[in-house]
Amino acid sequence: MTAIKTLLAASTALALLGCTSMGNVQLGNDSTVTEATAKQLAGDVPLPAGSVIKQQDSLVMGSGNTWMGRLNVTASGEPQTVFAWFRDSLPGAGWTLTSSSFSKLSLLTFTKAERMATVQMQAGSFGANEVLITVTPAVRPAAAGAASRP
């Protein structure tokens with residue numbers, strides 16, 4: 001029975017260790033975004049310098065220019081400035097702006113190849129903006145010949 005408990009404890013520890021790292025970036029603690037971290041975690045989605053990735057609230061599957069998931073980021077600055085930074089920076093990385101709305105809860109939507117990105121931003125306290133970046137596969141409309149049936 002002791003061997004089973006030891007084996008179970010060891011396998012749990014290994015599973016947790018595997019879940020706490022991605023490549024060379026350690027997950028579990030918030031970290032200030034450096035160029036290397038941004039490239040590894042966010043790939044082709046640029047992040048403002050000095051922003052902080054809330055890693056415990058983020059989920060990234062894949063890497064580079066094919067990742068999917070959600071990044072929870074805190075970006076400093078005036079809300080209008082941070083909104084404009086995302087609006088103007090993502091097209092430079094090949095993303096096409098499809099819609100935008102600036103308000104108390106701002107939203108930007110982009111497409112690139114077979115992916116879609118949404119940037120949701122809300123002003124927080126002390127000049128911090130909470131930014132959720134979600135990247136998913138793009139949904140394409142069904143072919144015109146496949147009309148719905150009653």
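This report walks through the fold, the strand pairing, the salt bridges and the aromatic pairs of the chain shown above.

The model is a predicted one, in which local features need pLDDT of at least 70 and side-chain atom pairs count only at pLDDT 80 or more, while totals for chains, interfaces and linings use all residues. Residues are numbered from 1 along each chain as its sequence is written, and side-chain values use heavy atoms, with hydrogens and water left out.

**Overall layout**

Let us start with the whole chain. Its secondary structure comes to 3 helices and 10 strands; these are DSSP runs numbered from the N terminus, with helices being H or I of at least four residues and strands being E of at least two. In sequence order the pattern reads α-β-β-β-α-β-β-β-α-β-β-β-β. The chain has 150 residues, of which 30% count as buried. Here buried means under 20% relative accessible area, exposed means over 50%, and partly exposed is in between (1.4 Å probe, protein chains only).

Among contacts in the chain with a separation of 6 or more, 38% are accounted for by residues 24 or more positions apart, where contact means heavy atoms within 4.5 Å.

**Strand pairing around strand 10**

Strand 10 pairs with strand 6 (residues 68-76) in the antiparallel sense over 8 bridges. Two strands pair if DSSP finds at least two bridges between them. Within this pairing, Arg70 has Thr134 in strand 10 as its bridge partner. Strand 10 also runs antiparallel to strand 9, joined to strand 9 by 9 bridges. The hairpin of strand 9 and strand 10 has 4 residues between the strands, and Phe126 takes a positive phi near 60 degrees there.

**Salt bridges**

A search of the whole structure finds 4 salt bridges, each being a side-chain nitrogen of Lys or Arg within 4 Å of a carboxyl oxygen of Asp or Glu.

| Pair | N to O distance |
|---|---|
| Asp44 and Arg115 | 3.0 Å |
| Lys54 and Glu130 | 3.1 Å |
| Arg87 and Asp88 | 3.0 Å |

Salt bridges that share partners join Asp44, Lys112 and Arg115 into one network.

The side chains of Asp44 and Arg115 meet in a salt bridge. This pair links distant parts of the chain, 71 residues apart: Asp44 is in the loop between helix 2 (35-42) and strand 4 (52-53), and Arg115 is in strand 9 (residues 115-123). Asp44 is buried at 6% relative accessibility, and Arg115 is buried at 7%.

The side chains of Lys54 and Glu130 also meet in a salt bridge. Lys54 lies in the loop between strand 4 and strand 5 (59-61) and Glu130 in strand 10 (residues 128-137), so this pair ties together parts 76 residues apart in sequence. Lys54 is partly exposed at 22% relative accessible area, and Glu130 is partly exposed at 30%. As for the salt bridge of Arg87 and Asp88, Arg87 is partly exposed at 31% relative accessibility.

**A closer look at Arg115**

A polar atom of the Arg115 side chain lies 3.4 Å from the backbone oxygen of Trp67. Leaving aside neighbours within four places in sequence, Arg115 is in contact with several residues, including Asp44, Trp67, Trp95, Phe110 and Pro137.

**Aromatic pairs**

The structure holds 2 aromatic pairs. Rings of Phe, Tyr and Trp (its six-membered ring) pair if their centres lie within 6.5 Å; planes under 30 degrees apart count as stacked, over 60 as edge-to-face and the rest as tilted.

Phe83 and Phe102 form an edge-to-face pair, with 5.1 Å centre to centre and 70 degrees between the planes. Phe83 lies in helix 3 (residues 79-89) and Phe102 in the loop between strand 7 (96-101) and strand 8 (105-112), so the pair ties together parts 19 residues apart in sequence. Phe83 is buried at 7% relative accessibility, whereas Phe102 is partly exposed at 40%.

The ring centres of Trp85 and Phe86 are 5.2 Å apart with the planes at 85 degrees, so this pair is edge-to-face. Trp85 is partly exposed, with a relative accessible area of 29%, whereas Phe86 is buried at 1%.

Technical notes
Polar contact = N/O pair within 3.5 Å; in protein donor to acceptor, adjacent residues only side chain to side chain.
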